[in-house]
Amino acid sequence: MRQRSLIAITAALAAGALTLTACGSRDSGDKGSSGNGGTTVTIGVDAPLTGDLSAMGLGIKNSADLAVKNANKQNYVKGITFKIEALDDQKQPSQGQQNATKLVADSNVLGVVGPLNSSVAESMQKVFDDAKLVEVSPANTGPALTQGADWQTKKVRPYKSYFRTATTDAIQGPFAAQYVYNDAKKKKVFVIDDKKTYGAGLAGTFTEEFKKLGGTVVGTEHINPDTTDFSAVATKVKNSGADVVYYGGEYPQAGPLSKQIKAAGAKIPLVGGDGINDATYGKLAGPEATGDLATSVGAPVESLPSAKQFVADYKAAGYKDEYSAYGGYSYDSAWAIIEAVKKVVEDNGGKLPSDARAKVTAAMQNVSFDGVTGKVSFDEFGDATNKQLTVYAVKNGAFTAVKSGTFTG
């Protein structure tokens, strides 16, 4: 999901976050000790670790950390010890770009998991690509990131170093529209977005498909994501005669928006994308949110046989934060980097080559394995080949899966 955008961490913490010792034994002569005579490879993680999207961000960080721990425990890449370096982007593109620059500056970083928000990804892609440093997002859904700004008419991959394990809004928006129109039998929608890359893009693909199916858009509105007073918009929704609201944005705004729309007298469901699919939504939206809907990438992790070990390992590791919507995808993103490093090391006689970053990026294109979320591999654009999506409905204050499938367009 994402494109998200606050809480500033102190300059001291930001500066201290990347004080790593260089340890390696590459062809280039970069030598050091990982403590066990091998080479240390760092996997960077970028996500909002503070602020109102931190529930998702911390799930991303912890799940990548779990992948690294498991790889080390299994001695999965002989002679290599993995570690993570997690940086807080505060859902801000400018901070994400600074984080990308920091990660590029550390020669031990051979891959990056993240970010959560598509708007943040836009600011990081060129920095990583210029350094031939591979980036695998577990959550970005903006189509332009992999298929170019004109993706609806001509798909052109802008950056060879960018991959993702989440499917895109080119599929998610229409998938939601089909469910709302065909299954929920809603014909008149009021569309709202937060003007950000993720939200506006998702609302756009939903709207196009909903109208194609025969639905009517009775109103549109943009909200300021930095406020929580949506009373004016709620009144417009009430007066529009809509039987459903579609919101392109994230849960910190979607919850209060749903609550205020219902308080205004419009007892209709709010529907959103993966950006609202978090346990916090029910708390923010209140008891009248029952029946609100969200789509999200993939199938619910807890329902997948492939994810049972991940769920058990995550619990056993004792992380205090939930793995949240993108935990499984983050684990798979980190594991994809580990698989690419393994291939590069094995092809180079058991050690990292001097051009390890470029080799890892090239190897990522052909990575394929059975992951937490199912089969993990990438198409010619760097997009996930797994196109499954799920519809969730709020029941007893929490999102519960009601239908999984793929978009048929």
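Predicted model: local features only at pLDDT ≥ 70, side-chain atom pairs only at ≥ 80, totals over all residues.
α12 and α13 come out roughly perpendicular to each other. The angle I noted is about 115 degrees, and the axes are 8 Å apart. Since 65 to 115 degrees counts as roughly perpendicular, the label follows. α12 spans residues 327–347, and α13 spans residues 356–364. The crossing, as α12 passes α13, is right-handed.

Next I wrote down who touches whom. On the α12 side I have Ala336, Ile337, Ala340, Val341, Lys343 and Val344. From α13 come Lys359, Val360, Ala363 and Met364. Sorted by class, this contact has eight nonpolar residues, two charged ones and no polar ones.

I get an angle of about 30 degrees here, with the axes 8 Å apart. That makes α3 roughly parallel to α4, because angles under 35 degrees count that way. This crossing is right-handed. α3 brings Pro93, Gly96, Gln97, Ala100, Thr101, Leu103 and Val104 to the contact. α4 answers with Ser119, Val120, Ser123, Met124, Val127 and Phe128. The class tally for α3 with α4 is eight nonpolar, five polar and no charged residues.

Which residue other than glycine has a positive phi? I found Lys91, with phi near 55 degrees. Lys91 sits in the loop between β2 (80–88) and α3 (93–105). I also checked the peptide bond from Gly114 to Pro115: it is cis, with omega near -5 degrees. Pro115 belongs to the loop that runs between β3 (109–113) and α4 (118–130). I flagged both spots because most residues other than glycine have a negative phi, and most peptide bonds are trans.

Last stop, the aromatics. How many aromatic pairs does the structure hold? I have 12 on the page. Ring pairs join Tyr76, Phe310, Tyr314, Tyr319, Tyr323, Tyr331 and Trp335 into a cluster.

The charged end of Arg157 is over the ring of Phe163, 4.7 Å from the ring centre. For Lys187, the charged end lies over the ring of Tyr181, and the distance to the centre is 3.6 Å.

Conventions. Residues numbered from 1 in each chain as written. Heavy atoms only, no water. Axes fitted to C-alpha atoms, helices over the stretch in contact; angles between N-to-C directions. Helix = DSSP H or I, 4+ residues; strand = E, 2+ residues; numbered from the N terminus. Parallel < 35°, antiparallel > 145°, perpendicular 65-115°, else oblique. Left-handed = near helix turned anticlockwise from the far one by under 90°. Contact = heavy atoms within 4.5 Å. Nonpolar A, V, L, I, M, F, W, Y, C, P; charged D, E, K, R; others polar. Phe/Tyr/Trp six-rings, centres within 6.5 Å; stacked < 30°, edge-to-face > 60°. Lys NZ or Arg CZ within 6 Å of the ring centre and 35° of its normal.
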